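The structure is a predicted model.

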Amino acid sequence: MTPARARLKIDVLVDSDQWKEPGKSRSIVRRAVAQAAATASTTGTELAIVLTDDSAIRQLNRLWRGVDAATNVLSFPSKRAADAPPHLGDIVLAYETIAREASAEGKPFAHHLAHLVVHGFLHLIGYDHEHDAGAQTMEQTERKVLRCLNIPDPYRHPGKAVKKAGGRR
């Protein structure tokens, strides 16, 4: 167990029957977040991760981003006072979209799930991909975390168009 993991509280909630192997998914999610936290030296905090479906994430996407479509991952950073408990925020993942993308990109579902969890976590700690420089930094950090998890570079697929995590192309 890494020192960061010992001080990191991760609540994983399964909010859809689409997640056929919730125990395995919880394990993938926890391991990916723990590695991302260790890589980014993020300790002494907590976050919640919700495993849901396209219908629920579409509603959230419409409500919070004004986009009436399902997406793979949404991150909701906590807006907390300095003296509040160290809750980073919430990450929400949609099973059907993740499964479709993994299949279309020829990736194992577990690898794509881990990548999207890492992507969502990095958003919680302030990374973004709105501009090229931020996108490059975020992708480099994702690659570093995923290498530690023995997951191939999600952005290197010769001959295939790969959809960027979080909808960026």
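## Sheet

Strands β3 and β4 run antiparallel and are joined by five bridges. Within β4, L93 is the residue that stands opposite V73.

These two strands belong to an open sheet of four, arranged in the order β1-β2-β4-β3 with mixed pairing. The edges are held by β1 (8-14) and β3; each has a single partner strand, so one side of each is left without a neighbour in the sheet. On average, neighbouring strands are turned by 15 degrees against each other, direction ignored.

## Helices across the sheet

Helix α2 lies across β1 and β2, and its direction is at about 150 degrees to β1. Helix α5 lies across β2, β3 and β4, at about 145 degrees to β4.

## Helix α5

Helix α5 covers residues 109-124, which is 16 residues. From its first C-alpha to its last it reaches 23 Å, close to the 22 Å expected at 1.5 Å a residue. Just after α5, G126 takes a positive phi of about 110 degrees.

The helix is mostly covered, with twelve of its 16 residues buried. Among them are H112, H115 and H119, along with G120, F121 and L124.

In soluble globular proteins, nonpolar side chains tend to be buried together. Here the largest nonpolar core has 31 residues, and L47, I49, L93 and F121 have the most contacts inside it. At least two residues of this core come from each of β1, α2, β2, β4, α5 and α6. Helix α5 supplies the largest share, eight residues.

What is L47 in contact with, leaving aside its neighbours within four places in sequence? The list is L8, K9, I10, D11, V33, H87, L88, G89, I91, F121 and L124. A second, separate core has five residues, including V50, I57, L74 and V92.

## Salt bridges

Side chains of opposite charge can pair when their charged atoms come close. The structure holds six salt bridges. One of them joins D11 to K9, with the closest N and O atoms 3.5 Å apart. D11 counts as partly exposed because its relative accessibility is 33%, and K9, at 44%, also counts as partly exposed.

R100 forms a salt bridge with D54, the closest N and O atoms being 3.1 Å apart. Because R100 lies in helix α4 and D54 in helix α3 (residues 54-65), the pair ties together parts that are 46 residues apart in sequence.

R58 and D68 meet in a salt bridge with an N to O distance of 2.9 Å. R58 lies in helix α3 and D68 in the loop between α3 and β3, so this pair ties together parts ten residues apart in sequence. Relative accessibility is 38% for R58, which counts as partly exposed, and 42% for D68, which is also partly exposed. Salt bridges that share partners join R58, R62 and D68 into one network.

Technical notes
Residues are numbered from 1 along each chain as its sequence is written. This is a predicted model: local features need pLDDT of at least 70, side-chain atom pairs count only at pLDDT 80 or more; totals for chains, interfaces and linings use all residues. Side-chain values use heavy atoms; hydrogens and water are left out. The expected span of a helix is 1.5 Å times one less than its number of residues. Buried means under 20% relative accessible area, exposed over 50%, partly exposed in between (1.4 Å probe, protein chains only). Two strands pair if DSSP finds at least two bridges between them. Axes are lines fitted to C-alpha atoms, for helices over the stretch in contact, and angles run from 0 to 180 degrees between N-to-C directions. Contact means heavy atoms within 4.5 Å. A nonpolar core is a set of buried Ala, Val, Leu, Ile, Met, Phe, Trp, Tyr and Cys residues joined through side-chain atoms within 4.5 Å. A salt bridge is a side-chain nitrogen of Lys or Arg within 4 Å of a carboxyl oxygen of Asp or Glu.
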